[in-house]
Protein chains: 2
Amino acid sequence: MNKPENKFIKKAIKLSVENVKKGKGGPFGAVIVKDNNVIAKATNIVTSTNDPTAHAEIIAIRKASKKLKNFNLKGCEIYASCEPCPMCLAAIYWAGIKKIHYAASKEDAEDNGFNDKFIYNEFAKPLSEKKIQMHQLFRDKALMAFKEWQSKEGKIMY
Amino acid sequence: MNKPENKFIKKAIKLSVENVKKGKGGPFGAVIVKDNNVIAKATNIVTSTNDPTAHAEIIAIRKASKKLKNFNLKGCEIYASCEPCPMCLAAIYWAGIKKIHYAASKEDAEDNGFNDKFIYNEFAKPLSEKKIQMHQLFRDKALMAFKEWQSKEGKIMY
């Protein structure tokens, strides 16, 4: 039986292969689907646009949100040719997408020279052992922004 | 002594407060600095642009990369009014930024209704316990994109 989900994941994979052939960026594609309709499709364009955040899933989310005129993609599912990296996984949470279909794994990405698994491992480490330095300062001053936020009328949560 | 880092974090905090006053989005600001110069500054514009990925750090990274015409922001540091969420933290890794200065904590963000800490907690959970459904299919087919990638001449890694 040819389930719709097979068609959508194959589309994401096809995009990933074409992306390499066209030299647009890494071998990754993504499709966002709502009610069995493709809302957005995208590929990784990091190197061709000089944007380190331009992963397929991020671009697909940005396109879908623009199309639906909503920062919440409730009811959408995402199909990714590879397991999303931590940036894209968190973006999927922020977008309110509840289901991720993916083909290759983060280990496959790592085996091909991408840092997805390294970054996942960094997340699991305590602050002092992370490769990145994190330096906190002026916390009290920053709380002013939250005070301002709390007293703001008509604010929109996301 | 007024260290340069004090000036930059205060700038990020000022942006976060102004952002709430202007109603552009959440109470967050970020500044990217290279060689003591501000390369990019941004605020959270999720709700005003209908883009769930438009956190201050992501927008700042996109601006800085565009300005430097490079997807690698080596030598840059980021100043954020609040500890970066997982999406932004991973984006900072992908951008090659090695140091994060931040003011408020992810707990402060959580206390004010933002999901940063919830998403961090989700990352620490095994797949079966995550709130999001993850469904793998057609892995073998997806490996074709990596094969194409490996044989691609002149490819640019990131």
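1. Let's start where the two chains meet: four salt bridges cross the interface of chain A and chain B. A salt bridge here is a side-chain nitrogen of Lys or Arg within 4 Å of a carboxyl oxygen of Asp or Glu. Side chains of opposite charge can pair when their charged atoms come close. Helix α7 (residues 139-151) of chain A gives the most to the side of chain A that touches chain B, with ten residues. Helices (H or I, at least four residues) and strands (E, at least two) are DSSP runs, numbered from the N terminus.

2. A word on what you are looking at. This is a predicted model, in which local features need pLDDT of at least 70 and side-chain atom pairs count only at pLDDT 80 or more, while totals for chains, interfaces and linings use all residues. Residues are numbered from 1 along each chain as its sequence is written, chains are lettered from A and ligands numbered from 1 in the order in which they are written, and side-chain values use heavy atoms, with hydrogens and water left out.

3. A:D51 forms a salt bridge with B:R62, and their closest N and O atoms are 3.0 Å apart. B:D51 forms one with A:R62, where the closest N and O atoms are 3.0 Å apart. B:D51 lies in the loop between α2 (46-49) and α3 (56-68) of chain B and A:R62 in helix α3 (residues 56-68) of chain A, so this pair joins two chains. Over all chains, the structure holds ten salt bridges.

4. How much of each chain takes part? In contact (heavy atoms within 4.5 Å) are 89 residues of chain A and 90 residues of chain B. The area buried between them is about 8,200 Å², with carbon and sulfur atoms giving 69%. Buried area is the accessible area (1.4 Å probe) that two parts lose on being put together, summed over both. A:Y93, A:W94 and A:Y158 supply 10% of the area that chain A buries against chain B, more than any other three residues.

5. Strands also link the chains. Strand β4 (residues 99-104) of chain A runs parallel to strand β5 (residues 133-136) of chain B, joined by four bridges; two strands pair if DSSP finds at least two bridges between them. A:H101 has B:H135 in β5(B) as its bridge partner.

6. Finally, look at chain A by itself. Chain A has seven helices and five strands. Strands β1 (residues 29-34) and β2 (residues 37-43) of chain A pair in the antiparallel sense over six bridges, with A:A30 opposite A:A42. Two residues lie between the strands of this hairpin, and A:D35 in the turn has a positive phi of about 50°.
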